[in-house]
Amino acid sequence: SPSGLTHESHRKDVEQVYLRCSEGSIEWMYPTGALIVNLRPNISPASYKHLTVCIKPFKDSAGANIYLEKTGELKLLVRDGDRSPSRVYCFGYDQGGLFVEATPQQDISRKITGFQYELMSKGIAADLHTASAPCRPCSDTEVLLAVCTSDFVIRGSIQNVTNEAEEQESIIHVGVNKLYRQKSKVFQLTGESGNWRGQIKTLLECGVKPGDGDFLFTGRMHFGEARLGCAPRFKDFQRMYKEAKDKGLNPCEIGPD
């Protein structure tokens, strides 16, 4: 966590920060001057053009503007004090780097600018932010591919749905009947009954409601949260899987029972 307090006499200082991880966070205490954040993941530079960068400011982040910078041109991404809860900002890796510039403050002692960042392949990012039709049901092919490539794949039922109007999100409370895969421990055993439970987030506009029966839930981890991808009714998934298997077209084996 670089601190600006040691640079009181050099308000125009610009510091370079190099980050090698594909995800993490930046916390800049008492910001003065500016930071250039260079994301340099440990992959071949030839792959950079296939990467998307997403940043999610901390809820109480303050004291600096965050820009996208390319060859000296600045494009404002996050304005200081912009309180859009849970807002995620994404851009192509080749669109530029991050330039974080402190805003003039009377009292910098309580200001901390911070954000989480994630680097992902453009295909995965498109899954998460299908801007054109985020609530469109998946085709059979998309479902079968999601089973192979998602961070979590479970058979389960919707116990409850809570809506967060401020964050424009719905939280689906899921009871898990079968866990095929999970990358992070989002779904866990709870309580005396020994049932598996977990939460999946999706957009409020998709209008998810509690419903009877089992679904196949697939999706990705994004900033530590499970985000919903394809979620067909389980009996529909079984039909798709059997049809594809009979034709030798299913992209991976999962055992849909």
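Mentor: Start with helix 3, where Lys242 and Asp246 are four residues apart, so about one helical turn separates them. Helices are DSSP runs of H or I with at least four residues, strands are runs of E with at least two, and both are numbered from the N terminus. The model is predicted: local features need pLDDT of at least 70, side-chain atom pairs count only at pLDDT 80 or more, and totals for chains, interfaces and linings use all residues. Residues are numbered from 1 along each chain as its sequence is written, and side-chain values use heavy atoms, leaving out hydrogens and water.

Trainee: What makes Lys242 and Asp246 a salt bridge?

Mentor: The closest N and O atoms are 2.9 Å apart. The label asks for a side-chain nitrogen of Lys or Arg within 4 Å of a carboxyl oxygen of Asp or Glu. The pair therefore qualifies.

Trainee: Are these two residues buried or exposed?

Mentor: Exposed means over 50% relative accessible area, buried means under 20%, and partly exposed lies in between (1.4 Å probe, protein chains only). Lys242 has 53%, so it is exposed. Asp246 has 57%, so it is exposed too.

Trainee: How many salt bridges does the structure hold?

Mentor: It holds 13. One of them joins Glu169 and Arg227, at 2.6 Å from N to O. That pair links distant parts of the chain: Glu169 lies in strand 11, Arg227 in strand 15 (residues 225-228), and 58 residues separate them.

Trainee: Why is Glu169 called buried? And what about Arg227?

Mentor: Glu169 has 7% relative accessibility, so it counts as buried. Arg227 has 14%, and therefore counts as buried as well.

Trainee: Which other residue forms a salt bridge with Arg227?

Mentor: Glu225 does, with the closest N and O atoms 3.8 Å apart. That is within the 4 Å limit, so the label holds. Glu225 has 23% relative accessibility, so it counts as partly exposed. Glu169, Lys201, Glu225 and Arg227 are linked in a network of salt bridges.

Trainee: How do you know on which side of helix 2 the buried residues sit?

Mentor: Helix 2 spans residues 140-149, and its buried residues are Val143, Leu144, Ala146 and Val147. They cover an arc of only 155° around the axis, so they lie on the same side of helix 2. The arc is taken from the directions from the helix axis to the C-beta atoms.

Trainee: What do they pack against?

Mentor: Strand 10 (152-164), strand 11 (169-182), strand 14 (215-222) and helix 3 (234-246). A contact means heavy atoms within 4.5 Å.

Trainee: What makes strand 10 and strand 11 a pair?

Mentor: They share twelve bridges, in the antiparallel sense. DSSP must find at least two bridges between strands, so the pairing stands. Phe152 has Gln182 in strand 11 as its bridge partner. Strand 10 also runs antiparallel to strand 14, joined by five bridges. Val153 stands opposite Thr218 in strand 14.

Trainee: What stands out about the backbone of Gln168?

Mentor: Gln168 has a positive phi of about 55° although it is not a glycine. Gln168 sits in the loop between strand 10 and strand 11, a hairpin with four residues between the strands. At 46% relative accessibility, Gln168 counts as partly exposed. Tyr30 is not a glycine either, and has a positive phi of about 50°. Its place is the loop between strand 2 (23-29) and strand 3 (34-39).

Trainee: Which residues form the nonpolar patch on the surface?

Mentor: Leu179, Leu189 and Trp196, with about 260 Å² of accessible area together. Areas come from the Shrake-Rupley method with a 1.4 Å probe, and for residues only the protein chains shown count as cover. Patch members need over 30% relative accessible area and no salt bridge; nonpolar side chains (Val, Leu, Ile, Met, Phe, Trp, Tyr) are joined within 5 Å, like charges within 9 Å. Leu189, in strand 12 (residues 188-190), has 53% and is therefore exposed.

Trainee: How many helices and strands does the protein have?

Mentor: Three helices and 15 strands. Of the 257 residues, 39% are buried. The accessible surface comes to about 14200 Å², and carbon and sulfur atoms hold 49% of it. Among contacts with a separation of 6 or more, 66% join residues 24 or more positions apart.
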